[in-house]
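Here is a set of questions and answers on one structure. The coordinates come first.

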Amino acid sequence: MARVVAAMAMTHSPGLTGWFTRASREYQELALQATAEMRRRLEAARPDVLVMFSNDHLLNWPINNMPEYTVGIGEEHIGPAEWFDEWLAMEKYRVAGHAPLARWIVNEGGRRGLALSYLREMQFDDGISVPTHYLNPDARFRLVPVTMNCTVPPIPTPERAYQVGARLRDILAAYPGDERIAVIATGGLSHEPGGPRYFWVDEAFDRWFLDLLKRGDHAALLRECTLERMEELLAWVLVLALTRGPADVLAYMPAVAWRSGTGMVVWNEMA
């Protein structure tokens, strides 16, 4: 059977590639050190495939037809989407997919009461592209991307995201292969892209949220977090359900220059 061997989360702010040097030298060094440590731990875990959970920013679906979750089932994934390559200061990347695992997630999800949409050709903005730049720049690990609605009401609640994560944990464990899987959450921390607080970072909330992860307190996080404060963190909550115990917070930067509270986290124990 397949096995989840690593769980991580990181901010996917486009500033981490597109205008990296606008932040202080201290923040730049922290980000590079933290992402290098994430890559080191990935290599040590030896995954065959990364199942990456990100937010859908209305790139793949129209606003009047937004599914809750979408799985990319292609044999290969290419990004970033044309509009984003210059904005992200990135060249095109190609990463092998894992179509059998992706299709298993969709089909087994249906059998277990979890309706998942899918795309054979998925477009990528910063949500998948920034983590790929830092964690899989050589395309060593195959990719199954899963995007989540965080834009169009009704937006999934943190409780719902956690429930989906628990369901996916069982689905991945039941996959009839010996794949080693790393789950990666991307998004957050605090920011409001395009909104009135676009250049404001809620440092107090970010540190409070990260402290809950360091404590490994899933119940408190689900009890106290509200959707209004953490739409872009739903992927983190989903991946939380595949873990247990405290997480290592590798870095936190209240980086207004990157237009996002910026953090990198690794869990040590899988559920």
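Visitor: Which element gives the most to the lining of the largest cavity?
Guide: The model is a predicted one. Strand 2 (49–56) and helix 4 (126–135) each supply at least two lining residues. The largest contribution, 3 residues, comes from strand 2.

Visitor: How many residues in the lining of the largest cavity are charged?
Guide: The lining includes Asp 56, His 57, Gln 123 and Asp 125. By class, 3 of the lining residues are nonpolar and 7 are polar, while the number of charged ones is 2.

Visitor: At the start of helix 4, which backbone nitrogen does a side-chain oxygen of Asp 125 reach?
Guide: Helix 4 is mostly covered, with 9 of its 10 residues buried; Gly 127 and Ile 128 are among them. The side-chain oxygen of Asp 125 comes to within 2.9 Å of the backbone nitrogen of Gly 127.

Visitor: Is the pair of Trp 19 and Trp 87 stacked or tilted?
Guide: The structure holds 9 aromatic pairs. For Trp 19 and Trp 87 the ring centres are 5.7 Å apart. Planes under 30 degrees apart would count as stacked and over 60 as edge-to-face. The planes here are at 55 degrees, so the pair is tilted.

Visitor: Where in the chain do Phe 205 and Phe 209 lie?
Guide: These two rings form a stacked pair, 6.1 Å centre to centre with 25 degrees between the planes. Phe 205 is buried at 2% relative accessible area, and Phe 209 is buried at 0%. Being 4 residues apart, they are separated by about one helical turn in helix 6 (residues 203–215).

Definitions and conventions: Residues numbered from 1 in each chain as written. Predicted model: local features only at pLDDT ≥ 70, side-chain atom pairs only at ≥ 80, totals over all residues. Heavy atoms only, no water. 1 Å grid on protein atoms, 1.4 Å probe; cavity = no way out; pocket = protein on both sides within 12 Å on 5 of 7 lines; lining within 4 Å. Nonpolar A, V, L, I, M, F, W, Y, C, P; charged D, E, K, R; others polar. Buried < 20%, exposed > 50% of the residue type's maximum accessible area, 1.4 Å probe, protein only. Polar contact = N/O pair within 3.5 Å; in protein donor to acceptor, adjacent residues only side chain to side chain. Phe/Tyr/Trp six-rings, centres within 6.5 Å; stacked < 30°, edge-to-face > 60°.
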